[in-house]
Amino acid sequence: MTGIVRDSKERFSQIALEHFHALRRYAASLCKNDFDADDLVSETLLKGYQHFSKLRNTSKAKSWLFSILHNQFINEYRYRKHFIAIENDPGESEEPDFSLFESLSKSDYVANGNPETRFLQSLTNIEIETAIEQLPTDYKAAFILCDMEDFTYAEIATMLSIPVGTVRSRIARARSILQKQLWQQAKEMGIKTSKSPKDKPEYTCTCGKEEDTVRLNSELLK
Amino acid sequence: MNALRKKINEINCEEAARRFNDFIDNYLKGTAKEELAHHIENCRHCFDRLEFEILLKTKIASVAKETVQGSDDVKNKIYSILSKMQKDE
């Protein structure tokens with residue numbers, strides 16, 4: 001093995017080590033079992049190594065590896081039975097902007113402090129993972145790349161070969177579906193909707209009409 | 001000083017909620033952001049909802065960081081993949 005090849009292998013190994021867990025997590029979210037996820041990551045790393053010399057900017061290595069993984073998945077796994085395809089999408093017409101906050105605020109859920117925040121704190125990792133697992137795959141991909149892996153919309157668009165606008169809408173849709181799944185879980189825990197829309201309107205805007213409009217923490221807006 | 005203040009359009013709660021995703025992903029800029037800021041400064045309900053959305057995103061991100069799937073022996077896994085590659089060369 002020449003020195004150049006050895007250096008290249010070492011550099012690639014470092015990059016692979018750095019991003020292995022994130023790649024494995026993303027692969028697991030796309031595949032339906034650990035075996036396929038391991039296989040997908042292995043193929044990604046093999047392909048990454050084969051084409052490593054073409055990567056000019058190693059600061060983009062993470063998004064480059066994710067692109068390879070996603071394309072491998074599309075090419076080799078999409079038509080397998082393990083993959084739940086987009087046809088399971090509940091459809092654009094169904095509650096495109098479901099809000100867990102609104103549902104909780106209309107429910108009989110009672111907790112010390114802010115009930116909605118307390119509910120979030122009570123959620124377990126398994127409950128969240130289960131809700132993510134149930135997302136339609138195309139939405140799940142955009143959602144995980146944005147909310148879990150911190151990629152920008154532009155990077156996700158490149159990885160998934162879709163327009164930025166589609167990335168934005170898939171992420172919004174995924175969040176809405178995820179919140180609906182969490183609300184289903186909340187209902188299974190016994191939380192019920194207790195207030196009718198007449199009791200509490202969808203939006204209870206004070207908008208300066210009430211004298212005691214709270215002083216809001218401006219940190220949120222910085 | 002007040003005379004120099006730019007007039008900010010009022011938006012309703014529905015419009016504010018439509019902008020939440022762009023805001024939490026840091027894509028909301030300029031006038032659209034100012035209008036949202038102005039709205040939630042005056043609307044407790046929207047403020048709470050936006051805070052909830054941000055907390056939910058943070059919670060989900062923390063799940064990803066905590067959940068490391070697969071074998072702990074990552075190095076060996078990667079080296080075995082690269083060794084296989086070397087044999088194939």
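Author: Chain B has four helices and zero strands, where helices (H or I, at least four residues) and strands (E, at least two) are DSSP runs numbered from the N terminus. This is a predicted model, in which local features need pLDDT of at least 70 and side-chain atom pairs count only at pLDDT 80 or more, while totals for chains, interfaces and linings use all residues. Residues are numbered from 1 along each chain as its sequence is written, and chains are lettered from A and ligands numbered from 1 in the order in which they are written.

Reader: What makes H1(B) roughly parallel to H3(B)?

Author: Helix H1 (residues 13-24) of chain B and helix H3 (residues 44-66) of chain B pack at an angle of about 25°, with their axes 10 Å apart. Angles under 35 degrees count as roughly parallel, over 145 as roughly antiparallel, 65 to 115 as roughly perpendicular and the rest as oblique, and therefore H1(B) is called roughly parallel to H3(B). The axes are lines fitted to C-alpha atoms, for helices over the stretch in contact, and angles run from 0 to 180 degrees between N-to-C directions.

Reader: Which residues of H1(B) and H3(B) make the contact?

Author: From H1(B) come Cys13(B), Ala16(B), Ala17(B), Phe20(B) and Ile24(B), and from H3(B) come His45(B), Cys46(B), Arg49(B), Leu50(B), Glu53(B), Ile54(B) and Lys57(B), two residues being in contact if their C-beta atoms, placed from the backbone, lie within 7 Å. By class, this contact of H1(B) with H3(B) has eight nonpolar, one polar and three charged residues, where Ala, Val, Leu, Ile, Met, Phe, Trp, Tyr, Cys and Pro count as nonpolar, Asp, Glu, Lys and Arg as charged, and the others, Gly among them, as polar.

Reader: How many of the residues of chain B and of chain A count as buried?

Author: In chain B, 28% of the 89 residues count as buried, and in chain A 35% of the 222 residues do. A residue is buried if 20 or more other C-beta atoms lie within 10 Å of its own, exposed if 12 or fewer, and partly exposed in between.

Reader: Why are the buried residues of H8(A) placed on the same side?

Author: The buried residues of helix H8 (residues 153-160) of chain A are Tyr153(A), Glu155(A), Ile156(A), Met159(A) and Leu160(A). They cover an arc of only 160° around the axis, which puts them on the same side of H8(A); the arc is that of the directions from the helix axis to the C-beta atoms. These buried residues pack against helix H3 (61-76), helix H7 (137-148) and helix H9 (164-188) of chain A.
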